[in-house]
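Please read it alongside the sequence and the model.

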Amino acid sequence: MKFFIDTANLDEIREAQELGVLDGVTTNPSLMAKEGITGRDKILKHYVDICEIVDGDVSAEVIATDFDKIIKEGEQLAELHDQIVVKVPMIEDGVKALKYFSDNGIRTNCTLVFSAGQALLAAKAGATYVSPFIGRLDDISTDGLNLIAEIRHIYDNYGYETQILAASIRHTMHIINCAKIGADVMTGGLDSIKGLLKHPLTDSGLEKFLADYKKGN
Ligand code: G3P
């Protein structure tokens, strides 16, 4: 399972990269705004800064919502760096753009996916990644993990190569359950990734080992 971090915060990206388990980064306009990164030039530079920290794929989201503008913006984003994956919303012109980018060798991440039907369309259009937002489904009393399972089932039925990128991950159990179901990638905050480290028996066991070592030395 690939681990992406879902943030535009460079310190958090560096920390995850140093942990040695990071495979990529996802961002969106809200995450950029949270870091105070506004204005086209600053946003484009920030994508390059992120690419220079991590080795893997970095999703950069288009703002345009009509086909011609999505293509223009996506091509500009893809030219920024080899690691850029163009993030395209699941709308009608977005689906057309996914197909165009796929035909022209530009990798994509289809975002704002909330149903199996949307994920099927994204795969048929040749998306590299599809991003079902499981936390936001849970927020409205819908089973986000069930959507991951449905998409896994459908993609396996037909051998679609689109990678399932479980997004809107809120906690460690989301990660573990997505791994059990077979999501290809998860993207979450640094806390959810570091949460996987924690177990009280690890802490108490280490404390005892170190205390026993000290007794003999
Ligand atoms: O990658 C999608 C993600 O950024 C959405 O997360 O927590 O805003 O639902 P959230």
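1. Tyr 213 is exposed, because its relative accessibility is 55% and exposed means over 50% relative accessible area, with buried under 20% and partly exposed in between (1.4 Å probe, protein chains only). Tyr 213 belongs to helix H11, residues 200-215; helices (H or I, at least four residues) and strands (E, at least two) are DSSP runs, numbered from the N terminus. Between Tyr 213 and Ala 64 there are 149 residues in sequence and 61 Å in space, C-alpha to C-alpha.

2. On the basis of the work: this is a predicted model, in which local features need pLDDT of at least 70 and side-chain atom pairs count only at pLDDT 80 or more, while totals for chains, interfaces and linings use all residues. Residues are numbered from 1 along each chain as its sequence is written, and side-chain values use heavy atoms, with hydrogens and water left out.

3. Which residues surround the ligand? They are Asp 6, Asn 28, Phe 133, Arg 136, Ala 167, Ser 168, Arg 170 and Thr 187, where a residue counts as near if one of its heavy atoms lies within 4 Å of the molecule. This shell divides into 2 nonpolar, 3 polar and 3 charged residues. In that grouping, Ala, Val, Leu, Ile, Met, Phe, Trp, Tyr, Cys and Pro are nonpolar, Asp, Glu, Lys and Arg are charged, and the others, Gly among them, are polar.

4. An N or O atom in the side chain of Asp 6 is 2.6 Å from a ligand oxygen atom; for Arg 136 the corresponding value is 2.7 Å, and for Arg 170 it is 2.8 Å. Taken alone, the ligand exposes 310 Å², of which the protein buries 81%; accessible areas come from the Shrake-Rupley method with a 1.4 Å probe.

5. Ser 168, one of the residues surrounding the ligand, is found in strand E7, residues 163-169. Its phi is positive, about 60°, although Ser 168 is not a glycine. With a relative accessible area of 11%, Ser 168 is buried.

6. Ser 141 also has a positive phi, near 60°, in a residue other than glycine. Is Ser 141 buried or exposed? Ser 141 is exposed, because its relative accessible area is 73%. Its place is in the loop between helix H7 (134-139) and helix H8 (144-158).

7. Asn 109 lies in strand E5, residues 108-113, and is buried, with a relative accessible area of 0%. Asn 109 and Ser 141 are 32 residues apart in sequence and 25 Å apart in space, C-alpha to C-alpha.

8. Val 58, in strand E3 (residues 57-61), counts as buried because its relative accessibility is 0%. How many residues separate Val 58 and Gln 83 in sequence? The separation is 25 residues, and the C-alpha atoms of Val 58 and Gln 83 are 5.8 Å apart in space.

9. Asp 55 is found in the loop between helix H3 (40-53) and E3. At 62% relative accessibility, Asp 55 is exposed. Asp 55 and Gly 24 stand 31 residues apart in sequence and 7.0 Å apart in space, C-alpha to C-alpha.

Key
A polar contact is a pair of N or O atoms within 3.5 Å; within protein, one must be able to donate a hydrogen and the other to accept it, and residues adjacent in sequence count only if both atoms are side-chain atoms.
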